[in-house]
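Here is my note on the model, point by point. Please keep the sequence and the structure open while reading.

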Amino acid sequence: MKKFLPVFLIIAVLFAFSLMTDHITSSNDREQIKILETAVTRSISECYALEGAYPPDISYLSEHYGLTYDTQKYFIDYQYIGSNLRPDVTIIKRTE
């Protein structure tokens with residue numbers, strides 16, 4: 001039994017390391033989405049304040065207000081309702 005103790009300890013450490021890595025990655029993904037949501041919200045508000053109308057699509061924000069994001073990593077569902085109604089925005093992380 002004493003022979004297997006170091007093996008069990010190594011397996012336990014590797015398992016704990018794996019769990020911690022998954023937790024950190026998940027936390028990082030949530031934080032990145034939160035930052036992107038803030039950037040999109042600010043760009044929408046800035047557009048409305050300067051132009052008096054909400055932007056018609058997400059590409060308008062990229063072209064005129066400098067919004068940049070990784071399109072390979074995130075999908076932004078931008079639902080334009082009208083020039084005087086705030087659009088509905090949902091950010092989704094793409095799967096690999």
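Which residues does Ser43 touch, not counting residues up to four places away in sequence? Point 2 gives the reply.

1. Basis of the note. This is a predicted model: local features need pLDDT of at least 70, side-chain atom pairs count only at pLDDT 80 or more, and totals for chains, interfaces and linings use all residues. Residues are numbered from 1 along each chain as its sequence is written, and side-chain values use heavy atoms, with hydrogens and water left out.

2. Ser43. Ser43 touches Leu61 and Leu67, leaving aside residues up to four places away in sequence. Contact here means heavy atoms within 4.5 Å. Ser43 sits in helix α1. Helices (H or I, at least four residues) and strands (E, at least two) are DSSP runs, numbered from the N terminus. With 7% relative accessibility, Ser43 counts as buried. The classes are: buried, under 20% relative accessible area; exposed, over 50%; partly exposed, in between (1.4 Å probe, protein chains only).

3. Helix α1. This helix covers residues 5–51, which is 47 residues. At 1.5 Å a residue, α1 should span 69 Å, and its end C-alpha atoms are 69 Å apart, so the two values agree. The expected span is 1.5 Å times one less than the number of residues. Thr41 is in α1 and is partly exposed, with a relative accessible area of 39%. After α1 comes Gly52, whose phi is positive, near 80°.

4. The buried residues of α1. They are Asp29, Ile33, Leu36, Val40, Ser43, Ile44 and Cys47. They pack against α2 (58–65), β1 (74–79) and β2 (88–93). An α-helix has 3.6 residues a turn, so residues three or four places apart point the same way. Keep that in mind when reading the list.

5. The salt bridge. The structure holds one. The term means a side-chain nitrogen of Lys or Arg within 4 Å of a carboxyl oxygen of Asp or Glu. Here the partners are Asp29 and Lys93, at 3.5 Å, N to O. The pair links distant parts of the chain: Asp29 is in helix α1 and Lys93 in strand β2, 64 residues apart. Side chains of opposite charge can pair when their charged atoms come close.

6. Is Asp29 buried or exposed? Asp29 counts as buried, because its relative accessibility is 16%. Lys93, at 28%, counts as partly exposed. Asp29 touches Lys73, Tyr74 and Lys93, again not counting residues up to four places away in sequence.

7. Aromatic pairs. There are two in the structure. Tyr48 and Tyr54 are stacked: 4.2 Å centre to centre, with 15° between the planes. Rings of Phe, Tyr and Trp (its six-membered ring) pair if their centres lie within 6.5 Å; planes under 30 degrees apart count as stacked, over 60 as edge-to-face and the rest as tilted. Tyr60 and Tyr65 have ring centres 6.4 Å apart and planes at 45°, so this pair is tilted. Both Tyr60 and Tyr65 are buried. Tyr54 counts as buried too, at 12% relative accessibility, whereas Tyr48, at 33%, counts as partly exposed.

8. Pro55. Pro55 lies in the loop between α1 and α2. At 1% relative accessibility, Pro55 counts as buried. What does Pro55 touch, not counting residues up to four places away in sequence? The contacts are Ile44, Cys47, Tyr60, Leu61, Tyr78 and Tyr80. Pro55 and Tyr65 are ten residues apart in sequence and 10 Å apart in space, C-alpha to C-alpha.

9. Asn84. Asn84 is in the loop between β1 and β2. It is exposed, with a relative accessible area of 55%. The C-alpha atoms of Asn84 and Tyr48 are separated by 8.5 Å, although the two residues are 36 apart along the chain.

10. A nonpolar patch. Phe4, Val7, Phe8 and Ile11 form a nonpolar patch on the surface, with about 410 Å² of accessible area together. Patches are made of residues with over 30% relative accessible area and no salt bridge: like charges are joined within 9 Å, nonpolar side chains (Val, Leu, Ile, Met, Phe, Trp, Tyr) within 5 Å. Accessible areas come from the Shrake-Rupley method with a 1.4 Å probe; for residues, only the protein chains shown count as cover. Phe8 lies in helix α1 and, at 48% relative accessibility, counts as partly exposed.
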